[in-house]
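Trainee: I'm new to this structure and would like a close look at one part of it. Could you walk me through how that part is packed?

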Amino acid sequence: MGEQWMQFVAAGLTSGAIYALVALGFSIVYNASHAINFAQGEFVMVGGMAAVSLVGFGLPLWAAVPLAVALAGGVGMVVEKFAIEPAQRTGRADVVTLIIITIGVALFLRGLAQVLWDKRVHPLPAFTGAEPISLLGATILPQSLWVLGGTALAVLVLGWFFGRTLYGKAMRATAFNPLAAQLMGISTRGVMRVSFLLAAALGALGGVLTAPITFTSYDVGVMLGLKGFAAAMLGGLGSFGGAGAGGLMLGLLESLGAGFVSSAYKDAIAFVVILGVLFFMPGGLVGARRSERV
């Protein structure tokens, strides 16, 4: 029984780490625009599919992975430049309008992926082999360790960026009070663009890390985007620490629910979490980030 528990926990942490990366992307864009970017899941797809294509073109995996993440980051900046910025420039783009725009972007990227690639499921080679290893009574794939390590590294880098760099502090200032940030000479337009770049790169990182385990396809971002949103809601929308905790908790809930109840309810757990948070805990685990506008 103990080994079974550890197996479920290991699987849950692996899934939860991916949800945490997607949730972090949601939180970054929310802090910059107070809107939900429902195209976040498509950045996961772009990263995974781009990595598969680059490997197919003959690039080694160690070069294809960072290049795929960079390409997805570029896609994020293009989305902000040509979809979000024109709407905000008019001064009449409220939060609901921005959300609808991101839903349209998600549909466009999904359709474009079918044209550029296809509708088939594509594998990506494992980073360090596919031979399972035994750890604390659980049997896991080496790629799972890459997922956990990559997520931990991304969280640490984000913490350093927002806490130690001038541009990171500028982004935090813009999140709390855009008008005051503008008066201090901060380019809120640039902050928005970098927010989409970071969100897209985080999503793509999740895509390339999980592709060797679950494979990837043009529609893989649909469910991952919804689960990442559920994780962000669970942790507290706009909270980086909450996004990480929410992702891991959702992954564990899914894995334990599938193992001890029924795997048929695995995907439904994310939606139950969203409803539960909205009804009983609107601020999430650590409280949603709220800013005072003056």
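Mentor: With a relative accessibility of 21%, Gly283 counts as partly exposed; buried means under 20% relative accessible area, exposed over 50%, and partly exposed in between, using a 1.4 Å probe and protein chains only. This is a predicted model, where local features need pLDDT of at least 70 and side-chain atom pairs count only at pLDDT 80 or more, while totals for chains, interfaces and linings use all residues. Residues are numbered from 1 along each chain as its sequence is written, and side-chain values use heavy atoms, leaving out hydrogens and water.

Gly283 sits in the segment after α11 (268–280); helices are DSSP runs (H or I, at least four residues), numbered from the N terminus. Leu237 is 46 residues away from Gly283 along the chain, yet their C-alpha atoms are separated by 7.5 Å.

Now to the helix packing. Helix α2 (residues 40–56) and helix α8 (residues 188–214) have axes that come within 7 Å and cross at roughly 55 degrees. Axes here are lines fitted to C-alpha atoms over the stretch in contact, with angles from 0 to 180 degrees between N-to-C directions. That angle makes α2 oblique to α8, since under 35 degrees counts as roughly parallel, over 145 as roughly antiparallel, 65 to 115 as roughly perpendicular, and the rest as oblique. On the α2 side, the residues in contact include Phe43, Gly47 and Ala51, and on the α8 side Ala200, Gly203 and Gly207 are among them; contact means heavy atoms within 4.5 Å. By class, this contact of α2 with α8 has seven nonpolar, six polar and no charged residues. Ala, Val, Leu, Ile, Met, Phe, Trp, Tyr, Cys and Pro count as nonpolar, Asp, Glu, Lys and Arg as charged, and the others, Gly among them, as polar.

α2 also packs with helix α3 (residues 61–89), at about 140 degrees and with axes 8 Å apart, and these two are therefore oblique to each other. Phe43, Gly47 and Ala51 are among the α2 residues in this contact too, together with α3 residues including Leu71 and Val75. The contact of α2 with α3 has 14 nonpolar, two polar and no charged residues.

Back in α8, you will find Ser195, which counts as buried because its relative accessibility is 1%. Leaving aside neighbours within four places in sequence, Ser195 is in contact with Ile28, Val29, Ala32 and Met171.
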